[in-house]
Amino acid sequence: MSYPAGARSLTPDFAGLEIAMDVWSEPYWAAAGEHRLQFPRCGACGTFRWPAGPFCFKCRSQAVEWVAAEQGRIYSYTVIPAPGADKDAPPQWRVPVVVEFEGIADVRLVSVLVDAELGSLAIGKPVAPVWLTAKNATVPGFGLAVG
């Protein structure tokens with residue numbers, strides 16, 4: 001699909017969004033609060049488990065270690081038109097994205113692509129975290145990585 005020249009994705013306002021957390025996901029949110037991404041890996045068999053939970057789905061161990069995410073890449077995305085501020089305003093664009101990470105096998109994170117030129121989007125493009133403020137947490141969005 002073609003988009004208007006210079007069309008960019010929206011940056012959502014998460015200020016009113018309250019993030020549900022539990023004892024298993026708290027390390028993820030604590031790291032996000034420090035602008036770091038990390039994911040849980042089973043301390044027994046090495047399987048990454050996402051979302052975070054009490055047991056490894058492969059070996060049922062509760063042992064867990066948290067591993068820093070490496071480079072993220074677009075696994076999938078879609079572009080959704082959103083109405084402009086009034087009926088005569090041009091549409092704006094929301095871009096939900098699924099991101100996968102090098103070195104983090106079988107983990108994909110659903111997020112949002114922010115301030116990205118729509119004509120530059122492609123599967124496999126590198127992305128970098130863009131930290132968004134929610135009511136009770138810092139949430140990772142993503143922007144296209146420079147370079």
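Predicted model: local features only at pLDDT ≥ 70, side-chain atom pairs only at ≥ 80, totals over all residues.
**View 1. Asp115 in the loop between S7 and S8.** The residue shown here belongs to the loop that joins S7 and S8, and its phi is near 45 degrees, a positive value in a residue other than glycine. Most residues other than glycine have a negative phi.

**View 2. Arg60 and its positive phi.** Arg60 is found in the loop between S1 and S2, where its phi is positive, at about 70 degrees, although the residue is not a glycine. Arg60 has a relative accessibility of 51% and therefore counts as exposed, the limit for that class being over 50%.

**View 3. The cis peptide bond from Trp50 to Pro51.** The bond that links Trp50 to Pro51 is cis, with omega near 5 degrees, whereas most peptide bonds are trans. Pro51 is placed in the loop between strand S1 (38–42) and strand S2 (64–68).

**View 4. The largest nonpolar core.** This core comprises 32 residues, of which Phe39, Phe101, Leu113 and Phe142 touch the most other members. Helix H1 (26–33) supplies at least two residues of the core, as does each of strand S6 (96–101), strand S7 (104–112), strand S8 (126–133) and strand S9 (138–144). Among the contributing elements, S7 gives the most to this core, with four residues.

**View 5. The surroundings of Phe142.** When residues up to four places away in sequence are not counted, Phe142 touches Leu37, Val99, Phe101, Leu109, Ser111, Val112, Leu113, Val114, Val127, Ala128, Pro129 and Val130. Two of these partners, Phe101 and Leu113, are themselves named with Phe142 and Phe39 as the residues that touch the most other members of the core.

**View 6. Val98 in strand S6.** Val98, which lies in strand S6, has a relative accessible area of 21%, so it is partly exposed rather than buried, a class that requires a value under 20%. Leaving aside residues up to four places away in sequence, Val98 touches Arg73, Ile74, Tyr75 and Ser76, as well as Arg108, Leu109 and Val110. The C-alpha atoms of Val98 and Val112, which are 14 residues apart along the chain, are separated by 8.0 Å.

Notes. Residues numbered from 1 in each chain as written. Heavy atoms only, no water. Core = buried A, V, L, I, M, F, W, Y, C linked by side-chain atoms within 4.5 Å. Buried < 20%, exposed > 50% of the residue type's maximum accessible area, 1.4 Å probe, protein only. Contact = heavy atoms within 4.5 Å.
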